[in-house]
Amino acid sequence: MTPLAWYRQVTVALRPDMPRQLQAPLYFVGNASAVEANKLQGFVAVTLSAPRIRTAGSPRPTILSGAVLKTVAATLAIDNLGGPEPPIWPLPYAASVSLPGVSPRSSASSAAVAPLAFRFNPDEAQVLFAGSGHTYTELKKLFDAGQPLPNFALPGTLRATLKLDDSKIVSDNILAVLPGSDPILRNEYVVLSAHLDGYGLGEARHGDGTYNGAFDDAAYVALLMDLAQSWHDSGASFKRSLLFCIVTGEEKGLLGSRYFAAHPTLPKQQLVANLNLDQVRPIFPLKTLTVLALKQSSLGETVRQVAEPFNIRIQEDPEPERNLLRRSDHYSFMQIGVPAVNFVFGYEKGSPDEKVYRAWYAQRYHSPADDLQQPWLPEAAAKFNSFYAALVKAVANAPVRPQWSLDSEFASTK
C-alpha cells in the first residue's frame, strides 16, 4: 500500500453528496473515443489533463462521454503544468464557499450525477503507473505531441476515506464614502473596489504555509485605504462621491461583490462607474496597461486620455481565452449595469517583461511566494498609483457619467 499525501499528491473537488468511502481499481483512458463504457464500470478513470487555459498548440483535452461518466466510480485527472496559469502544488486546501441560498459552483446541478473528480500532482504521477508497463513520462510526451494514447487497466486500486465539514462563516465587505462637492453630481458615486481575501493559512510550500496575497490583492486594498485617508485629511473634493468598496470572497467566486451587487447600499442607478483593482502587480516597469472591458464603455477613452501624460500605452486583453473579464469583481458591477474597468501590467510579446510575468504565474500566483520579499519595482507601483488617482479624479469630475458602448453586451443591463 502506498499512502498518498493530501494536497501534495492528490485532492478532490468538494461536493455535498460525497461518499465517505471509495475503493476502486484504476483504468487509464488515453483515447476516450475508443473506450467502452461497460469496461469501466466501477473503475477510477485516469486521464491526462490539458492546460487549464488552452492556447494555440495546446494538447486537446480528454473528454469522457456521458455514458462513461455514469459508469465510473470516480475520475482522476493528472494536472498539466502548461499554459499561462499553471496550477501550483501543493494546493493550499480544499474548500468551497457559497452565499446563502446559492449553491457552490462545484455542486452545480450537473454535479449531482457526476462522479467524484480527483486531481493529481504530475510530479508524483509515476506512482499511478508502477507495474503497468507504461510510464507517465512516456504517455505525457505522446499527449503533448498529439499522438494516439492507449487505454489500459492499471495495477493499483484507489482507496479513500472522505469527510466533508460544513460551517457557516461571516466575512464582511467594508464600505466607506467620500461625499462629493457638486450639489447634483454628489448623488452619483464612483465605486473604487479591491478584494480583501487571499488564501490565508494553508499547506506549506517550501516550508511556508502563509499565503500572503501581497499583490493579489492586499497591496490594492492598501492603496484604496491610503487614498481614502489622504483625500479625507487633505480636504480634497470631487464633484461626484466616491464609494470605497473593499469586498470579500473574490477568490471563492466573487462572493463579496456579487452580494453587494444583489444588495447595493445605494440605488444602483446612482453607481456610475467601477474602477477595480486586481491583477495589477508592479513586477516590471509600467509601460503598458492591459485594460479589461476597455471597449465596453466610454471609460476606455477616459483611461486612454488619463494614461497619455504618464506615457502609458493602453491595450485590450491580448489573452481573451483566460476570461479575465469575468474573473474579478468589476464583472459583478457590470452585470448590474455599472460600467467598469480593471487593469493588468502589460508587456510586449516575447519581451523580458513577459518572461517575468509568466514566471510570476508559475512560481507565485496563489502561493506563499506572493509576499513582500518578492522582487517588485516601487517606481512602477508609484506610477500606477498616480495614474489611478488621476483616473478617479477624471471620472469623478467629468460633466457626463460613463456610457456603455452601443455594441456592448452589457448596454441593456438593468
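Student: How many salt bridges does the count come to?
Tutor: The count comes to 17 salt bridges. Please keep in mind that this is a predicted model.

Student: Which residue forms a salt bridge with Asp216?
Tutor: Asp216 forms a salt bridge with Arg281, and their closest N and O atoms are 4.0 Å apart. The pair links distant parts of the chain, 65 residues apart. Asp216 lies in helix α4, while Arg281 belongs to the loop between β12 and β13 (288–292).

Student: And why does Asp216 count as buried?
Tutor: Asp216 has a relative accessibility of 6%, and buried means under 20%, so Asp216 counts as buried.

Student: What about Arg281, buried or exposed?
Tutor: Arg281 is buried, since its relative accessible area is 4%.

Student: Then Lys163 and Asp165: buried or exposed?
Tutor: Both Lys163 and Asp165 are exposed. These two residues also form a salt bridge, in which the closest N and O atoms are 3.9 Å apart.

Student: How far apart are the closest N and O atoms of Glu319 and Arg322?
Tutor: In that salt bridge they are 2.7 Å apart. Both Glu319 and Arg322 are buried.

Student: Which residues are linked with them in a network of salt bridges?
Tutor: The network links Glu319 and Arg322 with Glu85, Arg327, Glu354 and Arg358.

Student: Changing topic to helices. What describes two packed helices?
Tutor: One gives the angle between their axes and the distance between those axes.

Student: At what angle do α4 and α9 pack?
Tutor: Helix α4 (residues 214–234) and helix α9 (residues 378–397) pack at about 55 degrees, and their axes are 12 Å apart. The two helices are therefore oblique to each other.

Student: Is the crossing of α4 and α9 left-handed or right-handed?
Tutor: The crossing is right-handed.

Student: Which residues make the contact?
Tutor: From α4 come Tyr220, Leu223, Leu224, Leu227 and Trp231. Helix α9 contributes Phe384, Asn385, Tyr388, Ala389 and Val392.

Student: How many of those are nonpolar, polar or charged?
Tutor: The residues of this contact divide into nine nonpolar, one polar and no charged.

Student: One more helix, α5. Which of its residues are buried?
Tutor: In α5 (residues 255–262), the buried residues are Leu255, Gly256, Ser257, Phe260 and Ala261.

Key: Residues are numbered from 1 along each chain as its sequence is written. This is a predicted model: local features need pLDDT of at least 70, side-chain atom pairs count only at pLDDT 80 or more; totals for chains, interfaces and linings use all residues. Side-chain values use heavy atoms; hydrogens and water are left out. Buried means under 20% relative accessible area, exposed over 50%, partly exposed in between (1.4 Å probe, protein chains only). Helices (H or I, at least four residues) and strands (E, at least two) are DSSP runs, numbered from the N terminus. Axes are lines fitted to C-alpha atoms, for helices over the stretch in contact, and angles run from 0 to 180 degrees between N-to-C directions. Angles under 35 degrees count as roughly parallel, over 145 as roughly antiparallel, 65 to 115 as roughly perpendicular and the rest as oblique. A crossing is left-handed if the near helix is turned anticlockwise from the far one by less than a right angle, and right-handed if clockwise. Contact means heavy atoms within 4.5 Å. Ala, Val, Leu, Ile, Met, Phe, Trp, Tyr, Cys and Pro count as nonpolar, Asp, Glu, Lys and Arg as charged, and the others, Gly among them, as polar. A salt bridge is a side-chain nitrogen of Lys or Arg within 4 Å of a carboxyl oxygen of Asp or Glu.
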